[in-house]
Amino acid sequence: MLDDIQVDDAVFALRPDFAVLVMAARDLRNGPTDERSRAWLAEASAVPVQTDKIGAWKDAYRAFGAKPQRTRPSVDALTRRMPLPEINRVVDAYNSISVKHALPIGGEDLDRYSGPARLVRASGDEASEEALGTPDPGEVIWRDDLGVTCRRWNWRQVVRTRLTEETTNAIFLLERLEPMSLEDLKQAGEELADLLSELSPQARIASRLVSGGK
């Protein structure tokens, strides 16, 4: 899927500074939170909140009509949940990198996708899980061939593609807006890859940057 993931031109028109580092990890071994992943969460929880980066995401939400004080960008919601919640080892890994870098990161079960992931502006008739509701026209959503995989850019993921302890193949979506630099985005991706490799030394990890410059 890595080479087929797309960001629609309408999203870049909304935020030309948007870029996403897509990382595919195969042959993962996940499991319940342990002392190692608990330490990663504690370390990230001690990092001061980077309000400038989070503020950029709030502005992006307002640009497509969302109210970020009601449906918060994922990294904003995470920084309000200190100490960070324990989910499972792989989710703990990417949540710790997300908070450390003030960077929204989505983790998705690759085997539960139908077709490639695409970031688009919704038409308003996309299929979605009942708990999330139908997206508003113009809303920024991640989707696959079956429908919505994440509403309001990175606000809320569907249950279908969540990472579980049984997940073995995953994609991670590291989403950047200025003032984060592309170099900082790359660094965050390398740190996440290191944590995943520590959890699963046999994992095969590859990444691709998608930006307005293609």
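In this predicted model, an open sheet is built from 4 strands in the order S3-S8-S2-S9, with antiparallel pairing. S3 and strand S9 (204-211) are the edge strands, and each has a single partner, so one side of each is left without a neighbour in the sheet. From one strand to the next the twist averages 15°. Strands of a sheet pair through backbone hydrogen bonds, in either a parallel or an antiparallel manner. Strand S2 (residues 19-26) and S8 run antiparallel and are joined by 7 bridges. Val22 has Leu173 of S8 as its bridge partner.

Two helices lie across this sheet. H5 lies across S3 and S8, and its direction is at about 160° to S3. Helix H6 (residues 182-199) lies across S2, S8 and S9, running at about 15° to S2.

Elements of the sheet also take part in the largest pocket. That pocket holds about 700 Å³ of space. Its lining comprises 29 residues, of which Ser74, Tyr94, Asn95, Trp155 and Gln157 are the closest to the pocket centre. At least two lining residues come from each of helix H4 (74-79), helix H5 (89-101), strand S3 (105-109), strand S7 (156-157) and strand S8 (170-176). The peptide bond from Met82 to Pro83 is cis, with omega near -5°, and Pro83 is found in the loop between H4 and H5. A cis peptide bond also joins Glu178 and Pro179, with omega about 20°; Pro179 is placed in the loop between S8 and H6. Asp27 is not a glycine, yet has a positive phi of about 65°. Asp27 lies in the loop between S2 and helix H2 (35-45).

A record covers part of the chain. In an unreviewed UniProt entry, residues 55-201 carry the annotation "domain: B3/B4 tRNA-binding". In the model, the end C-alpha atoms of residues 55-201 lie 36 Å apart, and the span is 31% helix and 18% strand.

Technical notes
Residues numbered from 1 in each chain as written. Predicted model: local features only at pLDDT ≥ 70, side-chain atom pairs only at ≥ 80, totals over all residues. Heavy atoms only, no water. 1 Å grid on protein atoms, 1.4 Å probe; cavity = no way out; pocket = protein on both sides within 12 Å on 5 of 7 lines; lining within 4 Å. Points joined across faces, edges and corners; volume = space filled by probe spheres on them. Pairing = 2+ DSSP bridges. Axes fitted to C-alpha atoms, helices over the stretch in contact; angles between N-to-C directions. Contact = heavy atoms within 4.5 Å. UniProt positions renumbered as here; feature names shortened; annotations may be inferred.
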